[in-house]
Amino acid sequence: MASPTTAAKPAANIVPKKKRHSSLRNEEMTAWWFVLPAFALLLIFVFYPMLQAFIISFQNYNLVGGTKTFVGLDNYKTLMTDRSFLASLGHSFYFAIIVIPIQTIISLGMALLIQKKVVATGLFRTLYFIPVVISTAVAATVFKLIYNKEYGLLNNFLELVHLPTTNFLSNPDTAMNGVIMLGMWKAVGFFMIIFLAGLNNIPQDLYEAARVDGASKIQQFFRITLPLLNRTTAFVVIITTIDAIKISGLVFVLTNGGPNGATETAVFYIYQMAFKQMQMGYGTAAAFILFAIVLAISLVQMRLFRNQDY
């Protein structure tokens, strides 16, 4: 028979229900106090402005006079037949279609190269990442000099190999390609780091087992690396798509939408409408159309990658 002292020990460790409930409630309240400041900032600086912008998109709102007139869906209907807006969407999609696959492949290739630990790995990581931290204005200004017809490095190289020179940014057929090269140079280092993190999370035991079974490097890449990088690739592709479609800063500094609107992207068009022509209602409606397009594309991409998840 157990002694009274021994029998009393388990009872002493039992926490009353009321006390446990009170402890959980206190923890929940503490968590809410941590979340509340961030939620308040989002409410004030994100959700409320978005609601106001959505309301403005149904108005004829001129910033100069400050006059507001409710026009219903007129802004949206006009945008559907606005050739300038549709052309700017086309330029944005052209940029995205070229950048997404090429930038993703280059980023993954660079990550695979610097994953191997050699003497200069740290140096190469730094060099590849430097364009990411360089200011957009500085990068665009430097590339503007490189593309210059008279003294730019690009035309000097073309002369060296006896090829005809060109005014890269003044030609409507090549101007967008110049923006694309700058955009990829600026962003590829960031996504390289993302891929590197994904590669480092793949267990090395899988590669060792594959080598024992006689798998080649190519087979290991397609059977192990790519499938296990599915979620990382999904993140990179979705973020690249969003960044590519809303490209504007590089265009603003490098070409200012020219020549003849050949590099005018959707976001640059929205800026022109809202803050140069002062048609805030029209520009806001264009912004919400672009938002809906980006959201739809992102949801489709997420669904596709989820179906391929392992």
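Biologist: How many aromatic pairs does the structure hold?
Modeller: This is a predicted model. A pair of aromatic rings is described by the distance of the centres and the angle of the planes. The number of aromatic pairs in the structure is 15.

Biologist: What is the geometry of the pair formed by phenylalanine 58 and tyrosine 76?
Modeller: The ring centres of phenylalanine 58 and tyrosine 76 are 5.5 Å apart, and the planes make an angle of 45 degrees. Planes under 30 degrees apart would count as stacked and over 60 as edge-to-face, so the remaining class applies. The pair is tilted.

Biologist: How far apart in sequence are the parts that this pair ties together?
Modeller: Phenylalanine 58 is in the loop between helix H2 (17-56) and strand E1 (59-61), while tyrosine 76 belongs to helix H3 (residues 74-79). Phenylalanine 58 is buried at a relative accessible area of 18%, and tyrosine 76 is buried at 16%. The pair therefore links parts separated in sequence by 18 residues.

Biologist: Where does the charged end of lysine 68 sit?
Modeller: The distance from the charged end of lysine 68 to the ring centre is 4.9 Å. A charge has to be within 6 Å of the centre and within 35 degrees of the ring normal to count. The charged end sits over the ring of tyrosine 61.

Biologist: What is the handedness of the crossing of H4 and H14?
Modeller: The axes of helix H4 (residues 83-115) and helix H14 (residues 280-307) come within 12 Å and cross at roughly 35 degrees. Phe85, Leu89 and Phe93 of H4 make the contact with Ala286, Ile289, Leu290, Ile293 and Ile297 of H14. The crossing is right-handed.

Biologist: Which residues does serine 92 touch, leaving out those up to four places away in sequence?
Modeller: Serine 92 is in helix H4. Its relative accessible area is 0%, so serine 92 is buried. The residues touched are Ala244, Ile245, Thr265 and Ala266.

Biologist: What is omega of the cis peptide bond that joins glycine 258 and proline 259?
Modeller: Most residues other than glycine have a negative phi, and most peptide bonds are trans. Proline 259 lies in the loop between helix H12 (249-254) and H13. For the cis bond between glycine 258 and proline 259, omega is about -5 degrees.

Biologist: Is histidine 162, which has a positive phi, buried or exposed?
Modeller: Histidine 162 has a phi of about 60 degrees although it is not a glycine. This residue is in the loop between helix H7 (153-160) and helix H8 (175-200). At 74% relative accessibility, histidine 162 counts as exposed.

Conventions
Residues are numbered from 1 along each chain as its sequence is written. This is a predicted model: local features need pLDDT of at least 70, side-chain atom pairs count only at pLDDT 80 or more; totals for chains, interfaces and linings use all residues. Side-chain values use heavy atoms; hydrogens and water are left out. Rings of Phe, Tyr and Trp (its six-membered ring) pair if their centres lie within 6.5 Å; planes under 30 degrees apart count as stacked, over 60 as edge-to-face and the rest as tilted. Helices (H or I, at least four residues) and strands (E, at least two) are DSSP runs, numbered from the N terminus. Buried means under 20% relative accessible area, exposed over 50%, partly exposed in between (1.4 Å probe, protein chains only). Axes are lines fitted to C-alpha atoms, for helices over the stretch in contact, and angles run from 0 to 180 degrees between N-to-C directions. A crossing is left-handed if the near helix is turned anticlockwise from the far one by less than a right angle, and right-handed if clockwise. Contact means heavy atoms within 4.5 Å.
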